[in-house]
Amino acid sequence: AAEHAERRAGAYKDPRAGAVFRCNNLRYLANACVDDGGLRAALPADLMEELWRRDSAAVQQLLQDLWVAPLQQLSGAHVSATHLNDTALNQKERRGIKGALAGFNAALEALLAAQADWRIENAELRREVADASVKF
């Protein structure tokens, strides 16, 4: 079932939506195995560990898929150490920083627009992704 969720996630045009699908389904499977006492007893411990490992990896991949594009925009903003002592930036440096921030804002707006169609069903997973996004 976990392999099926992985394959289906790859079918999405937007890999971020696929990552949300993967997270939702892996968390559902893991919780179903934990909640069903008979199923939990029938499954080998290493299989459960693998399912939770995949769940954790899916959340980390989701965070990376969400935040890489906006954060890459900031990688072009470089300010030399001499400017940390209240030295004024020159015009080229100001344009570079302004461009990096504008790129970040545009990528963040695109991310927010795409997220309007996504839904993370599990409240615990929703909280986990939100908390991890803040730390990311």
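## Salt bridges

The structure holds five salt bridges. The model is a predicted one. One of the bridges joins arginine 16 to aspartate 14, with the closest N and O atoms 3.0 Å apart.

Another pairs glutamate 121 with arginine 119. Here, too, the closest N and O atoms are 3.0 Å apart. Are these two partners buried or exposed? Glutamate 121 has a relative accessibility of 53% and counts as exposed. Arginine 119 has a relative accessibility of 57% and also counts as exposed. The cut-off behind both labels is a value over 50%.

Glutamate 124 forms a salt bridge with arginine 27. The closest N and O atoms of this pair are 3.9 Å apart. What does the pair tie together? Glutamate 124 lies in helix 6, residues 123–135, and arginine 27 lies in helix 2, residues 15–35, so the bridge links parts that are 97 residues apart in sequence.

The two partners have their own accessibility values. Arginine 27 is buried, with a relative accessible area of 2%. Glutamate 124 is partly exposed, at 44%. Buried means under 20%, so arginine 27 at 2% falls within that class.

Which residues are joined when salt bridges share partners? Arg27, Asp55, Glu124 and Glu128 form one network in this way.

## Helix 4 against helix 6

Two packed helices are described by the angle between their axes and the distance between the axes. Helix 4 covers residues 45–74. Helix 4 and helix 6 pack at an angle of about 50 degrees. Their axes are 10 Å apart. The two helices are therefore oblique to each other. The crossing of helix 4 past helix 6 is right-handed.

Which residues make the contact? Helix 4 supplies Val59, Leu62, Leu63 and Trp67. Helix 6 supplies Leu125, Glu128, Val129, Ala132 and Ser133. By class, seven residues of this contact are nonpolar, one is polar and one is charged. Glu128 of helix 6 is part of this contact, and Glu128 also belongs to the salt-bridge network.

## The whole chain

The chain has six helices and zero strands. Read from the N terminus, its elements run α-α-α-α-α-α.

How much of the chain is buried? Buried residues make up 30% of the 136 residues. Contacts can also be sorted by separation in sequence. Among contacts between residues at least 6 apart in sequence, 69% join residues at least 24 apart.

Conventions
Residues numbered from 1 in each chain as written. Predicted model: local features only at pLDDT ≥ 70, side-chain atom pairs only at ≥ 80, totals over all residues. Heavy atoms only, no water. Salt bridge = Lys/Arg side-chain N within 4 Å of Asp/Glu carboxyl O. Helix = DSSP H or I, 4+ residues; strand = E, 2+ residues; numbered from the N terminus. Buried < 20%, exposed > 50% of the residue type's maximum accessible area, 1.4 Å probe, protein only. Axes fitted to C-alpha atoms, helices over the stretch in contact; angles between N-to-C directions. Parallel < 35°, antiparallel > 145°, perpendicular 65-115°, else oblique. Left-handed = near helix turned anticlockwise from the far one by under 90°. Contact = heavy atoms within 4.5 Å. Nonpolar A, V, L, I, M, F, W, Y, C, P; charged D, E, K, R; others polar.
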